[in-house]
Amino acid sequence: MNKLAILGGKKIRKKPFISHAIIGNEEKKRINDVLKGGMLSGFIAKAGDGFLGGRQVREFEYLIKKYFDIKFAISVNSATAALQTAIGACGIGPGDEVIVTPYTMSASATSIIMSNAIPVFVDINEENFCIDPEKIRKAITPRTKAIMVVHLFGHPANMAEIMKIARIHNLYVIEDCAQAPGAIYKRKLVGTIGDIGIFSLNQHKTITCGEGGFAITSDKKLALKMQLIRNHGEVVVGDTSLNDITNIVGFNYRMTELEAAVSIGQFKRLDFLNKHRINLARYLTRKLSKFKGLILPKEDKQSKHVYFVYPIRIKEKEIGMSRNVLVKALQAEGIPCGAGYVRPIYHEPLYQKRIAYGKKGCPFTCSYYKGKTSYTKGICPVTERMHKNELMITSVCRYPHTKKDIDDVIGAFQKIFDNKNKLVKQ
Ligand SMILES: Cc1ncc(COP(=O)(O)O)c(C=O)c1O
């Protein structure tokens, strides 16, 4: 009766988990209004009123500023675009290095290469999967211009230490909050602690407009530069008081009125959606804590974890099976989960072959670059261990799931642990 699904038994979970956003009435009404009006984008690439976008875009940016209690918000059409505008605004370019974690979505690092600078990968710590400040110190060189911090899986990185290091070495700090909107570190919303915070609104994120993103900052000059990079600033910068025209070279990262309309409705529900995630995640932690060998997410008192995904570290010896077998058995029971997160970024051909622009290895071989950054496999052992055999993630803790849905996850763990002796090596 209790035969494991991976061995031909019946699944614990009969219906699929929901993996998409729920679109509310406000989004639908606003979209209709935009369609009725016919103005699908308010942006024009020239100095003047249209330079900063249409009504919905401005209203969305106003909401962002209010929520984060920050001076400037710049909506864009993806977090990748936000990352590139941020790197560009900081004046980063050929010959420069930016410190970044290798355990993140590839764009956190490629945004650096997009400005012809060099990503320097620094390992994570195993408690929160974010960049390890101790290891940042050792990676700083005279070429380092910024630290790109990623608040991975919804957990804030150790910003106190990171900011301390950045201020000593005069480095910019860009917070990649794509997975952590609404997360808090020591009473401050992530994204407001460094120089620039960036966020994603892609399909898979806590709030979404399909594809979109935004950046926030309290620095007027950085904000202006980001606005210029967003909207063909090369034809506008001459009409501003800005003398430094670095990196303002002709991108179109503008958000349409349709995306902004959806984003407004979604953004208003951010706190509700996070609360829902947190409640389900805490329930899951309580229930899974009886299984030896599972290291469950810890919430430290000074942070608010918003559980973009729910990470579990697996001690294979203690649970008596490999992480990969456990994940396969869970998947067979109908539980959406994955072994590890992404490959350590430097394992990708871009870094292994050091080929980005042209065939000669630019920017790695750029004559302005005087460093010797290593992308050899093994440079970030904690990340590699998580990828190889320690981490599993699931994104079931999300609206509109309920504790009843989470009970299926717990039931699947129970069934697998009860029957682990029947799991032959796979
Ligand atoms: C940490 C992180 N940074 C950046 C991005 C890029 O976001 P977007 O798809 O909006 O460009 C993602 C998306 O998955 C992400 O998770």
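Tutor: Helices are DSSP runs of H or I with at least four residues, numbered from the N terminus. The model is a predicted one. In these terms, K359 lies in the loop between α12 (349-354) and α13 (381-390).

Student: How far apart are K359 and F413 in sequence and in space?
Tutor: They are 54 residues apart in sequence, and their C-alpha atoms are 49 Å apart in space.

Student: Why is strand β1 described as largely enclosed by the rest of the structure?
Tutor: The cut-off for a buried residue is 20 or more other C-beta atoms within 10 Å. Five of the five residues of β1 (residues 72-76) are buried, so the strand is largely enclosed. F72, I74 and V76 point one way and A73 and S75 the other way, all of them buried. In a regular strand, side chains alternate between the two faces of the sheet.

Student: How do you know that β1 pairs with β9?
Tutor: Pairing requires at least two bridges found by DSSP. Five bridges join β1 to β9 (residues 213-217), and the two strands run antiparallel.

Student: What makes up the shell around the ligand by class?
Tutor: The shell has five nonpolar, eight polar and one charged residues. Of the 14 residues around the ligand, S78, A79, T80, M105 and A178 come nearest. Helices α3 (79-89) and α4 (107-114) each supply at least two residues of this shell.

Notes:
Residues numbered from 1 in each chain as written. Predicted model: local features only at pLDDT ≥ 70, side-chain atom pairs only at ≥ 80, totals over all residues. Buried ≥ 20, exposed ≤ 12 C-beta atoms within 10 Å, placed from the backbone. Near = placed C-beta within 6 Å. Nonpolar A, V, L, I, M, F, W, Y, C, P; charged D, E, K, R; others polar.
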